[in-house]
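Please consult the sequence and the structure displayed below while reading this briefing. The points are grouped by topic.

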Amino acid sequence: MSVVFSLESPYRGEYRLHRLTFGSGGPVTALVAGIHGNEVNGIQALNLIASMLRLQRVAGTVHLLPCVNLFGAEEARKRWPFDDRDLNEAFPGAADGSPVERIALAVLDASEADVCIELQTGSAAVHEAPHARVPLTGPAAELGRIAALPICWRRSSDRIDDGLVGAWRAAGRTALELRGGRGGALDLDDARTLARGVVRILAAAEHIGSTERPGDGVACTTVHDHRATLGGFFVPEVRVGERVAEGQLLGVVRAPLGGEPREVVHASTAGVVLALRVYPMVHASERLVRVAIPEE
Ligand SMILES: [Zn+2]
């Protein structure tokens, strides 16, 4: 493990950006997690990958940056603790900028690769099924298919990918995002599923021998968001990753005190539950359930 960047900090030891590198030469794949400090599933997934790569002869180079926002992770915080800025909004970064901008630039440099993959989770209030977010077509879309996570969301260019993934794409690299779980919580099943998706990509890039069987996820280009029309206490009736039928009960918004039903939420279309509100206190217009609509 090497320290590829460091930064003085005012009240504790210096910040260090760590990178684990396996193999040498090309092709190069870079994996980045923990841009949001509390998104620990990505850290766990990359640590599973590291323990596997240690046992193998790796062709080409695989870089792992398992925890970029280490200070945030220590405090269970998504953002950079000192100024509460979102590191993912600091890309492409600047050498003479604020701390998050300097870290962002260092992450871009340290993840120079042919294929770049970022791992994220939902927010602390939302559990997301393990899924890939990729463009509609091209090499990143193909890698999303190969990862074979439960859902591969092919997104049109009107959904602008900013942050690290957007900066990678702007630099001409093949970039995709793998997401699963929620902020502030370690979900071992989700982390394992994400790691298996990464292994399939590493095998397809011929860094390692193939050890994972193909998965059987669904591809979608369309999602439907069910939102609360009034505030309350949301009790879900489905799980993330579950297939739902049109009209199926998804959950009930209840009175926080007393529990009387205020709003019953039914699936407007058949699909797979991509994201589910798990922190129950909701305000009007907040998203409760996101359903991915599989391609025909
Ligand atoms: Zn995030």
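Helix 1 passes helix 6 in a right-handed crossing; a crossing is right-handed if the near helix is turned clockwise from the far one by less than a right angle, and left-handed if anticlockwise. This is a predicted model, in which local features need pLDDT of at least 70 and side-chain atom pairs count only at pLDDT 80 or more, while totals for chains, interfaces and linings use all residues. Residues are numbered from 1 along each chain as its sequence is written. Helices (H or I, at least four residues) and strands (E, at least two) are DSSP runs, numbered from the N terminus.

**Helix 1 against helix 6**

- Helix 1 (residues 40–53) packs on helix 6 at an angle of about 50 degrees, and their axes are 8 Å apart; axes are lines fitted to C-alpha atoms, for helices over the stretch in contact, and angles run from 0 to 180 degrees between N-to-C directions.
- That angle makes helix 1 oblique to helix 6; angles under 35 degrees count as roughly parallel, over 145 as roughly antiparallel, 65 to 115 as roughly perpendicular and the rest as oblique.
- From helix 1, Asn-41, Gln-44, Ala-45, Leu-48, Ile-49 and Met-52 meet Asp-190, Ala-191, Arg-192, Leu-194, Ala-195, Val-198 and Val-199 of helix 6, where contact requires C-beta atoms, placed from the backbone, to lie within 7 Å.
- The residues of this contact divide into 9 nonpolar, 2 polar and 2 charged; Ala, Val, Leu, Ile, Met, Phe, Trp, Tyr, Cys and Pro count as nonpolar, Asp, Glu, Lys and Arg as charged, and the others, Gly among them, as polar.

**Helix 4 against helix 6**

- Helix 4 (residues 139–147) and helix 6 (residues 188–204) pack at an angle of about 120 degrees, with 8 Å between their axes.
- Helix 4 and helix 6 are therefore oblique to each other, and helix 4 passes helix 6 in a right-handed crossing.
- Leu-143, Ile-146 and Ala-147 of helix 4 meet Gly-197, Arg-200, Ile-201 and Ala-204 of helix 6.
- Sorted by class, the residues of the contact of helix 4 with helix 6 are 5 nonpolar, 1 polar and 1 charged.

**Domains**

- The protein is divided into domain 1 (2–204) and domain 2 (222–294), with bounds that come from an automatic or database domain assignment.
- The C-alpha centres of domain 1 and domain 2 lie 29 Å apart, and the contact takes 12 residues from each of the two domains.
- On the side of domain 1 that touches domain 2, strand 6 (126–135) and strand 7 (151–155) are the elements that give two or more residues.
- Strand 6 supplies the largest share of that side, 5 residues.
- The side of domain 1 that touches domain 2 comprises 7 nonpolar, 3 polar and 2 charged residues.

- An open sheet is formed by 4 strands in the order 13-12-10-15, with antiparallel pairing; two strands pair if DSSP finds at least two bridges between them.
- Its edge strands are strand 13 (261–266) and strand 15 (281–282), each of which pairs on one side only.
- Strand 10 (residues 232–236) runs antiparallel to strand 15 and is joined to it by 2 bridges; Phe-233 has Met-281 in strand 15 as its bridge partner.
- Strand 9 (residues 218–227) and strand 16 (residues 287–294) run antiparallel, joined by 7 bridges, and Thr-222 has Ile-293 in strand 16 as its bridge partner.
- Strand 1 (residues 2–7) is joined by 5 bridges to strand 2 (residues 15–23), and the two run antiparallel.
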